[in-house]
Amino acid sequence: MKKAITLTILCFGFIGYSQSKLDNYIQTGLKSNEVIKQHNFDINKSLYALQEARSLFSPTVSLNANYTKADGGRTIDIPIGDMLNPVYSTLNQITNSNAFPSLQNQSVLINPDNFYDAKIHTTMPLLNYEIIYNKRIKSQQTSLQKIELEIYQRELVKEIKTAYYKYLQSIEGINIYQDALALVKENQRVNQSLFKNDKINRTAVLRSDNEVIRIGANLETAKQVSNNAKTYFNFLINQKLDSEIEVDSDKESLPSALVQENTSGREELSKLTMAKDINDNVSKLTQSYWYPKLSGFADFGFQDFDFEVNKQSRYYFAGAALEWTIFSGNKNKYRLKQVQEETNKINSQTDNVKQQLLLQFQVTRNNLMSALEQFNADKNQKAAAKKYNEDITKLYKEGQAIYIELLDAQNQWVNAQLNTNISLYNSWIAYAELERANATFTLK
C-alpha cells in the first residue's frame, strides 16, 4: 500500500509552490511578532545576567568613611600616676628640684571620641568555584533562551503558513460561490421566462429562487470566513488587521510528501540537552561548597582625631581571607540528591520526547499523503462533475432534461470545486505541519 501511495504521489508531478510572497510575510512575522519580541527581551535579560556573572571576577572598590563622637561607656584605666609618681618624687629629692611633676592616673574611653576614618576598600575573589560555575550556568541559560526562541519561531512559521493557506482557500471559495451565484441567477432568469411562456410550472421558478437565496447566503458566509482569515493572518505578522494580503498566483501546485525523517535536529531535543548540561553545572556548583574560598582585600585611607590630616594619619591595611566549610548539616548532600533526581527526570523526558517527535513526524507525513490522495480524488471528481454539468445544461436547453436534473448537476459541479479547493490547501496545511514536525524550514 505504501508503495502504491508513493507512485500516486509521483504521478502528481510535484512542482514547488511559488512562495515568494509567503516567504516575505514569514520574514515580516519573524521580525515583528510581539511574542518574538518578548523572547528577545528574555534573551537580552539573560545576556545581562551573564555579564553580571562575569563581573564577579573583577575587584570591588568602594569608598568608606565614618566619624564617631562618644562619651561615657567602658574605659581603659591606666595607672600612670601610681607607677611613676614615687619614682618622680625620688628623682626630685636627688636633684633637689621639682623637675618631675606629679602625674594623674588616666582613664581612656574605649569608644573613640571625635574620630574619623576614611578609606578606599578593595576586595577581589582569588579562588571561588561558585563564581566559576555560576558564570557557566548563566552562559548556558542564555543559549537555552535562544533555543526557546527558535522553537517559537518554527511554530510561528507553521501558523503563518496555515493562516495564509486558509486565506487563499477562503478567497477561492468566494470566487466559486460568485460563479455559482451568477449561474443560478441565469437559471432564475431563464425559468421565469419559460414560466411566462407556459413552458414550465411554478415549481421550477420557486426552486430557482431558493437556489439564488441559498448561494447568496453561502457567499456572504464565505466572505466573513475570509475576513476572519485575513484578520488572523495580519495578527500573526503584527500588521494592521484590515491590511490587504498579497496572494500567489499559482493555484495548482502541490507539496511533496517524499520527506526524510530528521527529528533528531529538533530544537526540543537541543533544549533538553542544554537543560541537562545546566543541571550538571548545578551539581558542580553544589559540590563547590566543599572547596575553600580565597579572597584578598586592601584598605588605603586616613584616620585621626579632630579631623587632623598628616603623615601619621595615613595608613594601609591588606590581607587575605580563607573560608572553608567543614560541616553544614548535610544540606549540600541533600541538594546533590535533588540535582541527581532532576538529571534522571531530564533523561526520561528526553527518551519520551524523542518518541513523541518521531510519532509526530510519522502522523503528519501520513496526513499529508492522505491529503494528497484526497486532492487527487477530488480533482478527478471535479473534472467529471464539470463534464456532467455541461452535458445536462445542453440537454436542458434542448428540452430533454428537467430542471431538477440541471440543478443536481450544477450542485455537483459547485461542490466538486469547493472540495477540490479545500483538499488543495489542506495539502499545503498538512505540509506545513510536516515541515514543523521535521524542523526543515530554514530560520534566518
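Axes are lines fitted to C-alpha atoms, for helices over the stretch in contact, and angles run from 0 to 180 degrees between N-to-C directions. Helices (H or I, at least four residues) are DSSP runs, numbered from the N terminus. This is a predicted model, in which local features need pLDDT of at least 70 and side-chain atom pairs count only at pLDDT 80 or more, while totals for chains, interfaces and linings use all residues. Residues are numbered from 1 along each chain as its sequence is written, and side-chain values use heavy atoms, with hydrogens and water left out.

**View 1. Helices H5 and H6.** Two packed helices are described by the angle between their axes and the distance between the axes. Helix H5 covers residues 129-196 and helix H6 covers residues 202-236; their axes come within 8 Å and cross at roughly 160°. H5 and H6 are therefore roughly antiparallel to each other (an angle over 145 degrees). Their crossing is left-handed, a term used if the near helix is turned anticlockwise from the far one by less than a right angle, right-handed being the term if clockwise. The contact of H5 with H6 has 23 nonpolar, 10 polar and 8 charged residues. Here Ala, Val, Leu, Ile, Met, Phe, Trp, Tyr, Cys and Pro count as nonpolar, Asp, Glu, Lys and Arg as charged, and the others, Gly among them, as polar.

**View 2. Helices H6 and H9.** The axes of H6 and H9 come within 10 Å, with a crossing angle of roughly 15°. H6 is thus roughly parallel to H9 (an angle under 35 degrees). The crossing of H6 and H9 is right-handed. On H6, the contact (heavy atoms within 4.5 Å) is made by Ala 204, Arg 207, Ser 208, Glu 211 and Arg 214, and on H9 by Tyr 403, Ile 404, Leu 407 and Asn 411. By class, the contact of H6 with H9 has 4 nonpolar, 2 polar and 3 charged residues.

**View 3. Glu 211.** Glu 211 is found in helix H6. At 5% relative accessibility, Glu 211 counts as buried (under 20% relative accessible area, with a 1.4 Å probe and protein chains only). Not counting residues up to four places away in sequence, Glu 211 touches Val 184, Tyr 403, Leu 407 and Asn 411.

View 4. Helix H8 (residues 331-397) has 67 residues and reaches 94 Å from its first C-alpha to its last, close to the 99 Å expected at 1.5 Å a residue. The expected span is 1.5 Å times one less than the number of residues. Just after H8, Gly 399 has a positive phi of about 80°. H9 is followed by Ala 439, whose phi is positive, near 55°.

Definitions and conventions:
Helix = DSSP H or I, 4+ residues; strand = E, 2+ residues; numbered from the N terminus. Parallel < 35°, antiparallel > 145°, perpendicular 65-115°, else oblique. Buried < 20%, exposed > 50% of the residue type's maximum accessible area, 1.4 Å probe, protein only.
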